[in-house]
Amino acid sequence: SGATMWIEDKGEGKPILFVHGWPLSGKPWRNQLEGMSHEHRVLTVDLPGFGQSPPLEETVTIKGLATAVRDLLDTLDLTEVFMIGWSMGGGVTMSYCQHFGSHRLRAIGIVDDVAMLLPGDDWLKGVDTPWSMADLDDWRIRVHSDLRGVAHDVATAEFKHPDRHKDTIEMLV
């Protein structure tokens with residue numbers, strides 16, 4: 001696909017690839033990189049257009065990101081990969097399987113992903129989703145003028161007790 005991606009690669013053994021969510025990078029996986037690399041080859045990736053990776057030249061799609069991940073696995077000649085996707089990374093992981101089957105994979109894991117980006121009319125805020133349509137509309141308006149604020153809102157929503165995780169939320173933002 002011609003994508004260039006920043007990766008961190010540590011350890012030896014069967015590979016585990018962590019794929020981040022929007023609007024993040026591979027940094028949230030730092031504890032997994034350190035903690036699991038004693039028994040596995042652990043990789044974190046900044047998808048194209050995120051973190052330290054330059055954007056794709058074409059319009060970004062989940063399939064395009066999945067293709068970039070496939071090309072990464074091919075380039076590194078990784079086999080028997082356990083791919084774990086969080087949030088948008090879960091969508092990338094599922095798209096990978098949809099388009100490339102189990103190519104180079106031994107397993108997948110999906111963390112905190114939803115089937116629909118926007119809440120359904122019958123979804124209950126705080127039960128089915130932490131956000132309302134009004135929240136998403138607010139983010140859509142603010143994302144260009146206050147990306148940091150929107151990222152803070154998203155990161156804070158990831159935690160049941162955000163006050164206990166202020167340092168992690170700041171790192172995510």
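This report describes aromatic pairs, nonpolar cores and salt bridges in a predicted model.

## Aromatic pairs

Across the whole structure, a search finds three aromatic pairs. In one of them, the ring centres of Trp29 and Trp86 lie 6.0 Å apart with their planes at 80°, so the arrangement is edge-to-face. Because Trp29 sits in the loop between strand E2 (15–19) and helix H1 (30–36), while Trp86 belongs to strand E4 (residues 81–86), this pair ties together parts that are 57 residues apart in sequence.

Both partners are shielded: Trp29 counts as buried at 8% relative accessibility, and Trp86 is buried too, with a relative accessible area of 12%. Together with Phe18, these two residues, Trp29 and Trp86, make up one aromatic cluster.

## Nonpolar cores

The largest nonpolar core has 22 residues, and those with the most contacts inside it are Leu17, Leu47, Leu73, Met83 and Tyr96. At least two residues of this core come from each of E2, strand E3 (41–46), helix H2 (62–75), E4 and helix H3 (88–100), and H2 gives the most, with six residues.

Apart from this core lies another, of 11 residues, which includes Leu24, Leu33, Trp86 and Leu172. Returning to Met83, its contacts beyond the neighbours within four places in sequence include Leu17, Val19, Val69, Leu73 and Tyr96, as well as Leu105 and Ile108.

## Salt bridges

Side chains of opposite charge can pair when their charged atoms come close. The count for this structure comes to 11 salt bridges. One of them joins the side chains of Asp9 and Arg41, at 2.5 Å from N to O; since Asp9 lies in strand E1 (residues 6–10) and Arg41 in strand E3, the pair ties together parts that are 32 residues apart in sequence. Asp9 is partly exposed, with a relative accessible area of 35%, and Arg41 is likewise partly exposed, at 23%.

A further salt bridge links Glu80 with Lys14, whose closest N and O atoms are 3.2 Å apart. Glu80 is in the loop between H2 and E4 and Lys14 in the loop between E1 and E2, 66 residues apart, and the pair therefore links distant parts of the chain. Arg148 and Glu170 also form a salt bridge, with their closest N and O atoms 2.2 Å apart, and this pair connects helix H5 (residues 147–157) with helix H6 (residues 166–172).

Conventions: Residues numbered from 1 in each chain as written. Predicted model: local features only at pLDDT ≥ 70, side-chain atom pairs only at ≥ 80, totals over all residues. Heavy atoms only, no water. Phe/Tyr/Trp six-rings, centres within 6.5 Å; stacked < 30°, edge-to-face > 60°. Helix = DSSP H or I, 4+ residues; strand = E, 2+ residues; numbered from the N terminus. Buried < 20%, exposed > 50% of the residue type's maximum accessible area, 1.4 Å probe, protein only. Core = buried A, V, L, I, M, F, W, Y, C linked by side-chain atoms within 4.5 Å. Contact = heavy atoms within 4.5 Å. Salt bridge = Lys/Arg side-chain N within 4 Å of Asp/Glu carboxyl O.
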